[in-house]
Each structure stands twice: as structure tokens, then as C-alpha cells.
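Hi,

Here is the model I promised to pass on.

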Amino acid sequence: MSHPSQFESDGPQQLVMITGMSGSGKSVALNALEDAGYYCVDNLPPELLTDFISVERDHHVPKMAASVDARSLSSLPALPQLLRQISASGVEVKLVFLDASDETLMHRFSETRRRHPLSTPELEHHVALAKAISVERELLQDLRDLAYVLDTSLLRTTQLQAAIRALVAAPNSALTLVFQSFGFKRGVPTDADFVFDVRMLPNPYYERELRPLTGIDAPVAEYLASKAPVQQMFDDIKDFLERWLPQLHNDQRAYVTVAIGCTGGQHRSVYLVERLTEHFSRTWRPIKRHREVAVADFALTRW
């Protein structure tokens, strides 16, 4: 392993490491980073990471991205310590873990008819695939615990690309706060650290003129702002987070994702994510994302 001094340069380099489950969208994420001006390498063995950074430093390339997955079995255990060393040397490091449900991964591999990199040919395909996914989860768990986790099970390609762009645009800080709206009818996001169920609140869906709108639109926001239970829910979530976010920050947590769910993920949850993002932008630098809303799915809140 090279000495940390080899990473020193005139300006800070940025490294985005993409890892996660096979079939979760790592290629899509790398394509988004390449479009954003990052020099990208797919499936880079971790033992070559220091050399990769040094070469790009010599070529005056400030923004780099690389993906690594379970195919690098022998060197995966050393990656967390290696990333800490690289970060300590002055390189801005962001570790992103793309995940998806087992059912989604099974479906994607069946659709593409690709073989999972850890599957064994002597087993029947379905059995081999299920076993490979289980083994891969276990192998990558340590990396997942350190990373910003993004559940791609229900994301469109454009949503995943937008999420990656928002993340890399966020300034490096001790804790990245993410607010996400979602609809329970499509399932709870697996990347959430905290989940708040707001289905008991007054529902704009039952107001004919509000049904086609979302919580981003002023008429829906005005309707919900006039309802006392909605304000109480906002206050309760706000007070909970204001109490515990400093503790999470002091505990060296890098990422916290707060998911707000209503039935369809269009009105109540979207409105509360908008309000919470606005409120916490005064003290943190949150990212917001709306899983079920097609327009402006992901955004970085600027100071």
C-alpha cells in the first residue's frame, strides 16, 4: 500500500466509489458521473485504487469515479481502511452503495439473461441466482454500513442518474441528510434509516381539484398547511430530528435518510419532505428526493 503523501496535490481531488449489489444499477450510476465530468473506471480492483488516483493526479484530473463489486473478493475486506487512508490524505471520498430487493435483482437478471458473477453453473439457474445474491449481500455488508445507500428497486433510470448527480453536488460534510417521500403502495424504501407513516393525515387526493397535483404544488401545500394534524406531524418529526441529529453527527454517521410515506407518495409525504428540507437547510445541507414524483425527483438544497 502506498504512502498517503502520494495523494497530495495543489487542489483537492474528488473520488466517488460506486459499489453495491450486482444488477442494482452501478453502470447507470457511472454513466451519470461520466456525464457530470468524472473520469470513470468500471470494476477497478481495490489494490489498484491508489495508483489510479496518482495517475489522474499527474494528469490534473480532479474528479474521479470507480466501481467495485463482489468480483474483487480477495481485496474487498481492505477497501474500508484504504478509503479512510485516501480520505485522510486530502482526497474527498464519497462511497455510494446501490441496493435493490432480492425480487428486483432476480427479475433484472432473468430479463437480461445475464449470469450473476457469483453464481455457480452446476446449480439450477434460479437456485444459483438466489444463492449468489445472498452470498453477495453478506460479502458487501461492511461496505454498505459505511456508505450512502440508495435503493434502486423502484427507481427509473433518470431518477437514479438524478440522485447520483445530487449526491456528488452536495458539499462534503460530516453528515449528509436525505429526505425522501414515498408511497406505501409501492413498498417501503430499504435505504431509510427512519420511516414516518403519515397516512392518517388529511388526504388531498379526495379533493377533486387537488388529486392531479402533488405536494410541491401551491394549492396542495396551502390545503395541507391549513390542517392542524399536518402541522403537528411536521413539528413532531422536526423535534425528533433536532434532538437526535446532533447525536448521530457526533457518532460519526456519514449519512442519514429520513423517509416520509403516505399512500401514493404524491401529496402528504411530498409536502412534508419539502417543508422539512426547507427547515433543516438552515442548519444542515439536506438532499431531497421524491420517489413517486416524475418531475424534480431529486434535488440538492443550496445554502
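Two bits of housekeeping. This is a predicted model, so local features need pLDDT of at least 70 and side-chain atom pairs count only at pLDDT 80 or more, while totals for chains, interfaces and linings use all residues. Residues are numbered from 1 along each chain as its sequence is written, and side-chain values use heavy atoms, with hydrogens and water left out.

**The sheet**

Five strands form an open sheet in the order β2-β3-β1-β4-β5, with parallel pairing. Elements are DSSP runs numbered from the N terminus (helices: H or I, at least four residues; strands: E, at least two), and two strands pair if DSSP finds at least two bridges between them. At the edges sit β2 (39-41) and β5 (148-151), each pairing on one side only. On average, neighbouring strands are turned by 20° against each other, direction ignored. Axes here are lines fitted to C-alpha atoms, for helices over the stretch in contact, and angles run from 0 to 180 degrees between N-to-C directions.

Strand β4 (residues 92-99) is joined to β5 by four bridges, and the two run parallel. V96 stands opposite Y148 in β5.

**Helices on the sheet**

Helix α1 (residues 26-35) packs on the sheet and touches β1 (14-20), β2, β3 (63-67) and β4; contact means heavy atoms within 4.5 Å. The direction of α1 makes about 165° with that of β1. Helix α3 (residues 79-88) also packs there, touching β1 and β4, and its direction makes about 150° with that of β4.

**α2 against α3**

How do these two helices cross? The axes of α2 (residues 49-58) and α3 come within 11 Å and cross at roughly 30°.

On the α2 side, L49, T50 and I53 meet L79, L82, L83 and I86 of α3. By class, that contact has six nonpolar, one polar and no charged residues (nonpolar: Ala, Val, Leu, Ile, Met, Phe, Trp, Tyr, Cys and Pro; charged: Asp, Glu, Lys and Arg; polar: the others, Gly among them).

The buried residues of α2 are L49, T50, F52, I53, S54 and E56, where buried means under 20% relative accessible area (exposed is over 50%, partly exposed in between; 1.4 Å probe, protein chains only). Their cover includes β1, β2, β3 and α3. Just after α2, H60 takes a positive phi of about 60°.

In α3, L79, P80, L82, L83, Q85 and I86 are buried. G90 follows α3 with a positive phi, near 110°.

Cheers
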